[in-house]
Amino acid sequence: MEVIEAVGELRSRIKEFKRQGKTIGFVPTMGFLHEGHISLMKKAREETDIVIVSIFVNPTQFGPNEDFESYPKDMVRDQRLTESVGVDFLFTPTVTEMYPDGYSTFVEVAGDLTRQLCGRTRPGHFRGVTTIVAKLFHMTTPDYAYFGKKDAQQVVVIEKMVRDLNMDIVIVPCSIVREEDGLAMSSRNSYLTEADRKKAQVLSQSLFETKAKIASGERDITTIKQFIVSRIKQIEGALIDYVEIVHSKTLENMNQIKGNILIALAVKFGKTRLIDNIDMVV
Ligand code: AMP
C-alpha cells in the first residue's frame with residue numbers, strides 16, 4: 001500500500017492504472033476506522049482492481065459549534081487496518097492541499113434533500129460533503145465509490161449530485177455494520193461515556209422493534225413515530241433531534257407505510273449526536 005499526501009502524485013499514479021484499463025474503487029472516510037469502514041473497503045477490494053481510500057477530516061462539513069477540532073484520529077492504526085484489507089492507495093491530504101488560501105468553489109445539492117433530516121440541525125453540512133466528495137472524485141476518478149447506508153441521507157445526496165453533474169461513477173450503498181448490541185458503528189461512539197454508550201442502545205433497539213411492528217401489520221405513521229419517540233424518551237438524557245419516516249430513495253415525507261421506506265433518527269447524548277436508520281420495502 002502506498003500512502004500519498006499530494007494530489008499531483010495521486011493523479012499520476014492513478015493515470016498509469018487507468019491506461020492499463022484497470023477499474024478504480026474509492027472509499028472516502030474521515031478516518032478513525034472501524035468495521036463499518038472496513039466493510040466498504042472489502043467490498044471495493046472484491047469488486048475493483050485498484051482500491052483507493054481517503055482519510056480527510058473535512059472542515060467544510062462541520063458547523064461552527066461542532067466537533068471538527070476534537071474529531072478522533074489514529075493514523076498509525078488506520079494505516080495498519082487499510083493495509084491489512086489490501087487497499088492499494090491511502091490518500092491523506094492536508095487541509096491546505098484541499099482548501100488552499102483563497103479557495104472559493106462549492107458544490108451544493110439544493111432543495112429539500114439537503115434541508116431536511118440532518119440538514120435541519122446541520123445547515124451547510126451537505127454542502128461541505130458534496131464539495132469534498134466532488135473534489136475527491138475528480139482526484140481519484142473512480143469507476144465505483146462506496147458509501148455506508150449508516151449515513152442514508154448522504155447516500156441519496158451523493159447519488160443526486162452524481163446524476164445532476166453527469167459524473168460517470170457508480171455509487172455503491174453498503175449495509176450498516178453494528179456492534180454486538182446493535183449500536184451502529186461510528187467514529188463518534190468513542191465520545192460516549194460508559195453510561196451513555198449503554199443508553200445509546202435505544203437507537204437500534206427502537207428501530208428493530210419498529211421493524212417488527214411493521215412486519216406484524218402496523219401501518220400508522222403517527223403511531224409508529226410516537227412509539228419510537230416514547231421509547232427514546234424513556235432513556236434519561238437522550239435528546240431527540242429527529243425521528244422521521246421518509247421514502248428511502250427520495251427522502252420525501254410519506255403518509256402511509258408502503259413501498260421503500262426509511263426510518264431515520266438522530267439523538268443526542270450529552271454533546272454526542274448519533275444517527276441511525278433502517279430501510280424496508282413494505
Ligand atoms: P466517515 O468516516 O464517518 O465519514 O464514514 C466514511 C464512510 O463509512 C461513509 O460512507 C459512512 O457511511 C461509512 N460508514 C460509517 N459507519 C458505518 C457503519 N457502521 N456501517 C457501514 N458504513 C459505515
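The model is predicted; local features require a pLDDT of at least 70, side-chain atom pairs count only at pLDDT 80 or more, and totals for chains, interfaces and linings use all residues. Residues are numbered from 1 along each chain as its sequence is written, and side-chain values use heavy atoms, with hydrogens and water left out.

Helices (H or I, at least four residues) and strands (E, at least two) are DSSP runs, numbered from the N terminus. Strand S3 comprises residues 50-55 and is mostly covered, six of its six residues being buried. Here, buried means under 20% relative accessible area, exposed over 50%, and partly exposed in between (1.4 Å probe, protein chains only). In a regular strand, side chains alternate between the two faces of the sheet. In S3 both faces are covered: Ile50, Ile52 and Ser54 are buried on one side, and Val51, Val53 and Ile55 are buried on the other.

Two strands are said to pair if DSSP finds at least two bridges between them. Strand S2 (residues 24-29) pairs with S3 in the parallel sense over six bridges, and Thr29 stands opposite Ile55 of S3. Between S2 and S3 the chain passes through helix H2 (residues 35-47), forming a right-handed β-α-β crossover. A crossover is right-handed if, with the strands pointing away from the viewer, the path from the first strand over the helix to the second runs clockwise.

S3 is also joined to strand S4 (residues 89-91) by three bridges, and these two strands run parallel. The bridge partner of Ser54 in S4 is Phe91. The chain crosses from S3 to S4 through helix H3 (residues 75-84), and this β-α-β crossover is likewise right-handed.

A polar backbone atom of Met30 is 2.9 Å from an oxygen atom of the ligand, and a polar side-chain atom of His37 lies 2.8 Å from a ligand oxygen atom.

Notes: A polar contact is a pair of N or O atoms within 3.5 Å; within protein, one must be able to donate a hydrogen and the other to accept it, and residues adjacent in sequence count only if both atoms are side-chain atoms.
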